[in-house]
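I opened my notebook with the model on screen. Here is what I looked up, entry by entry.

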Amino acid sequence: MKISCDVVTDLLPLYHDGVCSQPTKKQIAEHLAECERCRSLLGKISNTTIDNKIKAERDDVIMHQAKALNMRVFQKIGAAVFTVLLFIGVLTCVIVDLAVSGALTWSLIPISACVFAGFVLTPAIRYGVRGIVMSLIVFSVLVVPFLFVLSLIIDSDGLILAVGVRMSVIAIVYLWGIVAVFRGLWLRKFLALAVSLLLAIPFSLVVNSMLSRVIAASLFDVWDAMAFAIIVVVAAVFVYLDFFLKRRKIQ
Ligand SMILES: [Zn+2]
């Protein structure tokens, strides 16, 4: 049975996608062998499909490249602004200190702090997430030498070193703990945030007990209670968000 051009025209898209039945396919093939008009129509369908695919892929690649470029530009601008701000801060301190006391005295403290912050924060600002671990390594390595320099500038009977070094060790352990939590819960960022926040409670208790032994600070006061309450509430919100997202993914 011969089929008409109209029927073939209607069926061509199905034929092109290879989804029509074997007998239909055979009939259309026979018709196409004889009919120039329908052959050229099939050619047009093929071209449009390929064109669209290429176009979609090209748009996808361009979009990804633009995003990556935007991110890189953003990070470069961030790093530049950060450097300029640090530089302005250091310069202001030097000028004011020289004008008021005729020498570099107290300005050495903010200057050393700026240099320290510059070393520590630059990787994180420049490289984003990848830079955070690098920043943390720099912080872990430089914080004790920094405190030593600070204690030389400010004669504090060793209090800076005594308190500072212990605080830094606690902070380093806490920060690496957060990195470990985020590595472990990479796909559940809200849960990782909640755990990191809750971790702050035992760590601040450790800091309090350490401080209360070195200087006359209270072990636990109303401000701690308030801070802990806020932490628990915010963590609960993150845990809820985590379960909400998980349920939506499953459904
Ligand atoms: Zn035809």
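I began with Leu-211. Leu-211 counts as partly exposed, because 16 C-beta neighbours lie inside 10 Å. The scale I used calls a residue buried if 20 or more other C-beta atoms lie within 10 Å of its own, exposed if 12 or fewer, and partly exposed in between, with C-beta atoms placed from the backbone. This is a predicted model, where local features need pLDDT of at least 70 and side-chain atom pairs count only at pLDDT 80 or more, while totals for chains, interfaces and linings use all residues. Residues are numbered from 1 along each chain as its sequence is written.

I placed Leu-211 in helix 7. Helices (H or I, at least four residues) and strands (E, at least two) are DSSP runs, numbered from the N terminus. I then took Leu-211 with Gly-184: they are 27 residues apart in sequence and 32 Å apart in space, C-alpha to C-alpha.

Next I checked Ile-215. I found Ile-215 in the loop between helix 7 and helix 8. Ile-215 is exposed, because 10 other C-beta atoms lie within 10 Å. From Ile-215 to Ile-111 I noted 104 residues in sequence and 27 Å in space, C-alpha to C-alpha.

Which residues make up the largest nonpolar core? I listed 8: Leu-191, Ala-192, Leu-193, Ala-194, Val-195, Leu-197, Ala-235 and Phe-238. Helix 7 (189-214) and helix 8 (222-250) are the elements that give two or more residues to this core. Helix 7 supplies the largest share, 6 residues. Such a core is a set of buried Ala, Val, Leu, Ile, Met, Phe, Trp, Tyr and Cys residues joined through C-beta atoms within 7 Å.

I turned to helix 3 (residues 36-101) and helix 4 (residues 108-127). They pack at an angle of about 180 degrees, with axes 10 Å apart. Axes are lines fitted to C-alpha atoms, for helices over the stretch in contact, and angles run from 0 to 180 degrees between N-to-C directions. Helix 3 and helix 4 are therefore roughly antiparallel (under 35 degrees is roughly parallel, over 145 roughly antiparallel, 65 to 115 roughly perpendicular, the rest oblique).

Last, I looked at the domains. The chain is divided into domain 1 (58-155) and domain 2 (158-251); these bounds come from an automatic or database domain assignment. Their C-alpha centres lie 24 Å apart. Domain 1 gives 10 residues to the contact, and domain 2 gives 10 residues. Two residues are in contact if their C-beta atoms, placed from the backbone, lie within 7 Å.
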